[in-house]
Each structure stands twice: as C-alpha cells, then as structure tokens.
Amino acid sequence: LNGAGMKLSGTGVVLGAKSEVSLDQRFHKRGAYTSRSRIKTTANRERLAAFGLDLGDRIGGQAAVDAQVEVRPDGVETVTITADLQNTRLTVDELGWEKPEGSSGILRARLGMRDGNPVSVDAFDMKAGDMAALATAALGPGGVPQVIDFERLKIGKTDAAGRVERLGPGDWRVALRGSVIDLSPIVDPEEDAAAVDGAATTRNEPDDTQTLDLRVAADTLMVTRKASMTRATLAVRRVGKRIDSLDLRGRVGQGYTTLTVLPVDGERRLTLRAEDAGEFLSAFDIVETIRGGRLGVDGVVTGDELTDGLTMNARIDEYRVVNAPVLAQVLSVASFTGLADTLNGDGIRFSRLRVNLTMTPERIEARNGIAYGPGLGLKVEGAYDRKSELIDFVGTGSTTGTITVAFRALGGD
C-alpha cells in the first residue's frame with residue numbers, strides 16, 4: 001500500500017467455495033488500468049452465472065475457474081475467464097450432444113461489462129469432447145444472448161459457421177453454412193433405453209409459442225441418421241412442433257431433389273420432386289426395393305410434423321422393383337413365376353406408378369394404386385399399420401397376353 005495504489009492477495013471463501021483472490025488497485029487513472037482483480041476457485045453452474053457466464057441447465061458438475069476482472073481508466077470493464085472442464089458435464093439437448101464428467105475440456109472467454117452486468121462476449125473459445133466453438137455474442141438484459149456469431153461450430157459431425165439471433169421471447173433465427181451440417185439429432189433422434197421402456201426422457205420439447213427460423217447451406221447436409229444430401233440448402237420455419245414452411249434442395253443419389261411446404265389458402269401444400277426416386281426412397285427409409293425412376297408427390301400436410309399427417313398423390317416414372325417380398329407373394333399367388341424370378345434378378349421394369357396416400361401416426365392407407373410396365377400391370381389398395389408393421393393389400397394383376405388375377409397380399413413380422 002502506497003500513494004499510488006495497493007495490492008492484496010490471500011485465500012478465503014467466495015460464493016461458498018475456497019478461493020485464492022488478489023487485487024491490484026490504482027489510486028489514479030494513469031496507465032492501462034485502474035484495478036485488476038483475480039480469483040481462482042471451483043465453480044458450479046450458479047457460481048459461473050455470478051461471474052457473468054450463465055449456461056443454465058446445460059452445465060453440471062464443477063469447473064476449475066481462473067477469473068480476472070480489469071477496469072480501465074475510461075470505465076470499461078472486462079472479465080476474462082479460463083475454466084478447466086475436466087469435471088464438468090455439458091449438454092446440448094437440442095443436438096443430442098453431451099460431454100460427460102471426466103473427459104477433458106477447456107473454456108476461455110472474455111466478457112464486456114457495464115455497471116457490473118455482462119453486455120457482450122467479446123471472445124468465446126471452448127473445446128470439449130468432440131465440440132469446438134469459437135464465437136462472440138451480444139447480450140441483453142440479464143445477460144441473455146441476443147446475437148451469437150460463430151466463427152466456427154464443430155459439434156458431432158457438424159462443422160459450420162453462422163449466426164443465432166434471438167428476435168424476441170421464444171423467437172429465434174439461425175443461419176448456418178458449412179462443409180457438413182448434421183440435423184439428424186433434431187430430425188431423427190436416437191431412442192435411448194429409457195425411452196424404449198416408456199420412461200420419461202429429458203429432451204426438451206418446444207412449446208406452442210416457440211418459433212424457429214432456420215436457414216442452412218452445406219456441402220453435405222445430414223437430414224436423418226441415414227439420409228444425406230450434397231450441395232444442399234434448407235429453409236424451415238417452425239412454431240412449436242408445427243412446420244409452417246419448408247424448402248429443402250440438394251442432390252440425393254444421382255439426381256436433384258426438392259421438397260417444399262408452403263402455406264396456400266389456409267393449407268400447407270407439399271411438393272416433392274426427386275430425379276433419383278430409388279435413392280431418395282431408400283435414404284429416407286420409405287422403401288428399399290425401387291431402383292431409379294423419377295418421383296413426384298403433391299399433397300397437404302395435416303399434422304405438425306411431416307410424418308404426423310399427410311394426404312398426397314404420388315407417382316413414379318420409369319423405375320424397377322427388386323427383392324420385394326410382398327410383390328413376390330403377389331406374383332407367386334398369381335402364378336407369374338417368370339416375373340418372380342425377374343424380381344430377384346435385375347428387377348421388374350415399370351413405366352409408371354400412381355397412388356393416393358393418407359398418412360397418420362398409426363397407419364398409411366393407399367387408394368387407387370396403379371402400376372404398369374411392359375410385362376405387368378397392377379391395381380392395388382390397402383393399408384400398412386405403422387405400429388405392428390402389418391401389410392394388408394388387395395388388388396388385381398395381369399401380364400401381357402394373360403388373364404387378370406385377383407389377389408390379397410399380407411405381410412409383416
């Protein structure tokens with residue numbers, strides 16, 4: 001302690017944790033700073049929030065924290081935080097990502113303060129597990145992020161950059177661009193053992209007031225765990241679980257695919273075009289037995305998600321069917337043994353398929369189904385139970401120059 005300032009250091013209990021503290025206080029405004037303080041402690045979620053880094057319920061366990069506060073002569077205040085995340089659990093439920101306690105991780109951040117409250121994150125650099133994030137952010141009242149700019153966001157298979165904006169309470173806009181963007185944890189989350197057994201899960205579901213405007217551009221866009229598109233773009237707006245509009249474009253297999261949902265006259269009109277029907281239907285786990293072809297679907301979305309409720313007219317032109325158990329059963333019943341052999345080889349060629357479909361969470365109903373080609377014509381209708389995986393179709397089939405045969409096909413586990 002002298003006329004220019006004072007320096008203090010020692011140990012004590014801060015926010016309930018044993019800590020090392022130091023203070024370098026200047027009594028004048030000459031120099032780079034008027035005060036510098038430092039604390040080394042062990043922090044949990046609540047203590048990190050007290051330092052201005054509020055991660056909410058995304059963090060658990062404890063972190064070894066080294067925090068420094070500097071006040072410049074012009075009153076500008078900054079907080080620099082370094083945290084060892086070895087004993088910290090981190091989760092991002094929306095992306096199905098978790099860093100368990102015991103795995104390595106490091107966080108470095110610099111916050112701008114005003115009147116003791118955080119107003120900006122001027123630097124954020126975190127590496128934990130398979131996540132790496134480099135970002136800045138503008139904070140609103142209470143330290144709530146308003147705009148987050150990611151110079152890099154690598155999490156799981158995603159490697160991208162972009163911006164997240166909070167437009168209002170529960171109203172978010174997200175724009176991402178990258179080499180790989182993986183949406184499968186959101187679109188196609190894996191069921192854990194608890195979910196399979198009927199137990200409650202901790203995944204947060206959006207309420208009816210939350211809105212999300214998402215725009216994505218990627219060299220490779222992983223839509224589900226199985227389906228990916230290249231040179232892809234996506235624009236989607238959701239209110240709660242409900243998809244209000246969607247525009248998805250990119251290459252699947254050997255062809256270009258577009259899928260749109262647009263509000264028209266009080267309905268949500270769906271349009272799908274795929275130049276490689278077989279690859280699209282296989283990639284999205286719809287059917288594995290079609291090769292090639294051009295797919296067109298026009299319909300109306302009646303449920304919140306696309307798979308919750310749809311009425312649609314579908315057609316496929318110039319395709320082949322291979323290794324289809326139900327069709328094989330039909331051909332066997334109808335004594336079309338030559339075609340059944342073809343089915344197990346290069347497949348049966350069809351010129352066109354047309355069918356009206358109604359999809360609900362419980363079942364898929366097909367009406368007015370017609371498929372025809374050089375050697376075979378079929379008329380079918382029936383239903384597929386999505387829970388029991390039972391198939392029940394009736395119809396007629398005929399080959400060139402032969403009689404028409406009625407059939408009923410049943411299938412399932």
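**The nonpolar core and its surroundings**

Modeller: Happy to! The largest nonpolar core holds 82 residues, and those with the most contacts inside it are L221, L234, L270 and L295. Strand β22 gives the most to this core, with six residues. As general background, nonpolar side chains tend to be buried together in soluble globular proteins. Please keep in mind that this is a predicted model. Its mean pLDDT is 84, and 85% of the residues reach 70 or more.

Let us pick out L270. Leaving aside residues up to four places away in sequence, L270 touches L259, T260 and V261, then V297, D298, G299 and V301, and also L306 and L310.

Now for the aromatic rings. The count comes to two aromatic pairs. One of them joins F280 and F284, with 4.7 Å from centre to centre and 35° between the planes, and this pair is tilted. F280 has a relative accessibility of 6%, so it counts as buried. F284 has 22%, which means that it counts as partly exposed. The cut-off that matters here is 20%, since buried means under that value.

In the pair of Y319 and F350, the ring centres are 5.4 Å apart and the planes stand at 10°, so this pair is stacked. Y319 and F350 are both buried. Strand β22 is also the one that gives the most to the core, as we saw above.

Elsewhere there is an open sheet of three strands, in the order β4-β7-β8, with antiparallel pairing. β4 (59-61) and β8 (97-99) are at the edges and have a single partner strand each, so one side of each has no neighbour in the sheet. On average, neighbouring strands of this sheet are turned by 15° against each other, direction ignored. Strand β7 (residues 88-92) pairs with β8 in the antiparallel sense over three bridges. T91 stands opposite E98 in β8.

Finally, two stretches call for care. Over residues 192-203 the pLDDT stays under 50, and the model has ten contacts beyond four places in sequence for them. Over residues 337-343 the pLDDT also stays under 50, and there the model has 16 such contacts.

Technical notes
Residues are numbered from 1 along each chain as its sequence is written. This is a predicted model: local features need pLDDT of at least 70, side-chain atom pairs count only at pLDDT 80 or more; totals for chains, interfaces and linings use all residues. Side-chain values use heavy atoms; hydrogens and water are left out. Rings of Phe, Tyr and Trp (its six-membered ring) pair if their centres lie within 6.5 Å; planes under 30 degrees apart count as stacked, over 60 as edge-to-face and the rest as tilted. Buried means under 20% relative accessible area, exposed over 50%, partly exposed in between (1.4 Å probe, protein chains only). pLDDT is the predictor's confidence in each residue, from 0 to 100. Contact means heavy atoms within 4.5 Å. A nonpolar core is a set of buried Ala, Val, Leu, Ile, Met, Phe, Trp, Tyr and Cys residues joined through side-chain atoms within 4.5 Å. Helices (H or I, at least four residues) and strands (E, at least two) are DSSP runs, numbered from the N terminus. Two strands pair if DSSP finds at least two bridges between them. Axes are lines fitted to C-alpha atoms, for helices over the stretch in contact, and angles run from 0 to 180 degrees between N-to-C directions.
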